[in-house]
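Take a walk through this model, starting at its ligand and ending at a few single residues.

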Amino acid sequence: MKAYQGRGINNGIAFGAAFILKKAQHHIDDAPAQNPDGEWARFLAAKKEADNQLEALMEKTQRELGQDEAMIIDVQRMMLLDEDFDDAVRGIIYDGGHRAPYATNQAGTHFAAMFAAMDDDYMKARAVDVADLAGRLTQILLGVSTNLHLTAPSIIIAEDLTPSETLQMDKSKIRAFVIQQGSDTSHTAILARIMNIACIIQCDIPLDEAFSGQEMAVDGAAGICYLVADDATRANLLEKQKNDEANKQQLLEMKGLPTITADGRTVRLYSNIGSPDDIPYVLENDAEGIGLFRSEFLYLGRDSFPSEEEQFEAYQKVAQAMGDKQVIIRTLDIGADKQADYFKLDAEENPALGLRGIRICIERPDIFTTQLRAIYRASAFGNIAMMFPMIASVWEVQHCNQIAADVRSQLVNEGHTIGKVEIGIMIETPSAVMMADELAKEVDFFSVGTNDLTQYALAIDRQNNKLDRFYNPHHPAVMRMLGAIATAARNTGISAGICGEMAADTKVTKTLIDMGFDKLSVSPAYTLALRKVIREIG
Ligand code: PEP
Ligand code: MG
């Protein structure tokens, strides 16, 4: 038995096969091509995609490293135009009868060897470029930058996971996350909480391929995982699992009870979700609404924008499932740690301070308008509200409200039925806190994103786990900000809620309610435990 220690950030005992997530593993088979024309078309499409990727990379390199370095990438783009390379691939597909990935890989190996054998030093050095380019094309053709296919109930072991990686996995097979890096508010952590599975971050486990498929056990509360646990450890974990289950059963008594403090204050206890797939967790845990639907998850893990229709269906599904309970859809909050290549956003020195959240929607009204149309159309099927993330200025809210009003009237003119749709904003920048009294006049509600607010208030990157001891959501500066937000909302007569991780932190539940927050939105799994705590306040 081997044991590895990290920091447990979501409780639970889990057993499963170790799944070591390593980048770009692929196997190129030499099975005969059934349809040479189809294989050739695939190759041409891959070239186009490679050119897009290289163009983005070139711009990034130029900005970050300068023109000379960018030229290295440009050389690869020129190689993409090389007819000799195309001829070689075409020959291997049509004459050799092979598929596109095999042909590309073979042609790459051949050309790289040819360049390497040249006398001219400059040409010799191009061998690396050819190999690199052929590798890129092959990966595009195989569609496997990373192996994310789970075949059995698994414990995911990785350096860290991007939201798009977790999105591509079969959630029903994930039993726990064990991450070498990660932080409390990283998206793997958030996902673990929504799914209510054990999660260990900053774990000292190596990414050893030999572990793959071996039995792992995870103790989320203790932050320890075991590779092939011995009998005594296993028995101990099973006992803990039994106790967890008993506690869960006990909390079921909270189902159906109102969320009201012992001294009579009503709190709306909502859930945070990332997709319509999370609805069963919400209903199971008797949440009173959706306080944060992170709509950007609809945009991640894919290579083109979700259409209006696709988004409409997702929002409609959630609205219908929740009936008359409120569903607050947060408009697209992409950027920073949530990246989608097809947005073709420039690389930035400080992504957390860059073009993200509402700023993208303001810069790219086409994207925003499509989403707003989908939200408004879905509003006919339930009780939908929406909120804008990362607001820093009053004009941004006025601007977005105007776009929303225009979209709404256009839909009405087109004959669509539209529900009421309250509009709110997330308060997650210090600027929004300072302007809260002015902002409150523009909207129906506030929802505080304490994850980002803490990051921006304390000037601490929420993704940087080396700063964990400094990232303190209970910092008096943050608590004073929260007080100011609640006061501004109360003075203007609008509702104020919290949807960041702090909403589930029972150490401050009473403080938050005393400040005047009337809505707490948490991962579904925390709902009943929080209801219990709230009902004892007074
Ligand atoms: C937050 O910042 O607290 C929040 C709820 O949004 P996200 O974690 O998605 O940035
Ligand atoms: Mg945020």
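A residue counts as near a molecule if one of its heavy atoms lies within 4 Å of it. The model is a predicted one. By that cut-off, 15 residues surround ligand 1. The closest are Arg294, Arg330, Gly449, Asn451 and Arg462.

Start with the polar contacts. A polar atom in the side chain of Arg330 sits 2.8 Å from an oxygen atom of ligand 1. Glu428 also uses its side chain: one of its N or O atoms is 3.0 Å from a ligand oxygen. Asn451 uses its backbone instead, with an N or O atom 2.7 Å from an oxygen atom of ligand 1. How much of the ligand does the protein bury? Taken alone, ligand 1 exposes 280 Å², and the protein buries 100% of that. The space that ligand 1 takes is the second largest cavity.

Now look at what builds the shell. Three elements each supply at least two of its residues: helix H7 (187–195), strand S10 (290–294) and helix H16 (450–458). H16 gives the largest share, three residues. Sorted by class, the shell holds six charged, five polar and four nonpolar residues.

Next, turn to the backbone. Most residues other than glycine have a negative phi. Two loop residues call for a look here. Lys344 has a positive phi, near 50 degrees, and is not a glycine. Lys344 lies in the loop that runs between strand S11 (326–330) and helix H11 (358–363).

Val421 has a relative accessibility of 7%. Buried means under 20%, so Val421 falls in that class.

Finish at Gln139. Where is this residue found? Gln139 belongs to helix H5, which covers residues 121–142. Its relative accessible area is 27%. That value lies between the 20% and 50% cut-offs, so Gln139 is partly exposed.

Terms used. Residues numbered from 1 in each chain as written. Chains lettered and ligands numbered in written order. Predicted model: local features only at pLDDT ≥ 70, side-chain atom pairs only at ≥ 80, totals over all residues. Heavy atoms only, no water. Helix = DSSP H or I, 4+ residues; strand = E, 2+ residues; numbered from the N terminus. Buried < 20%, exposed > 50% of the residue type's maximum accessible area, 1.4 Å probe, protein only. Polar contact = N/O pair within 3.5 Å; in protein donor to acceptor, adjacent residues only side chain to side chain. Areas by Shrake-Rupley, 256 points an atom, 1.4 Å probe, with all protein chains shown as cover. 1 Å grid on protein atoms, 1.4 Å probe; cavity = no way out; pocket = protein on both sides within 12 Å on 5 of 7 lines; lining within 4 Å. Sits in = over half its atoms within 2 Å of the grid points. Nonpolar A, V, L, I, M, F, W, Y, C, P; charged D, E, K, R; others polar.
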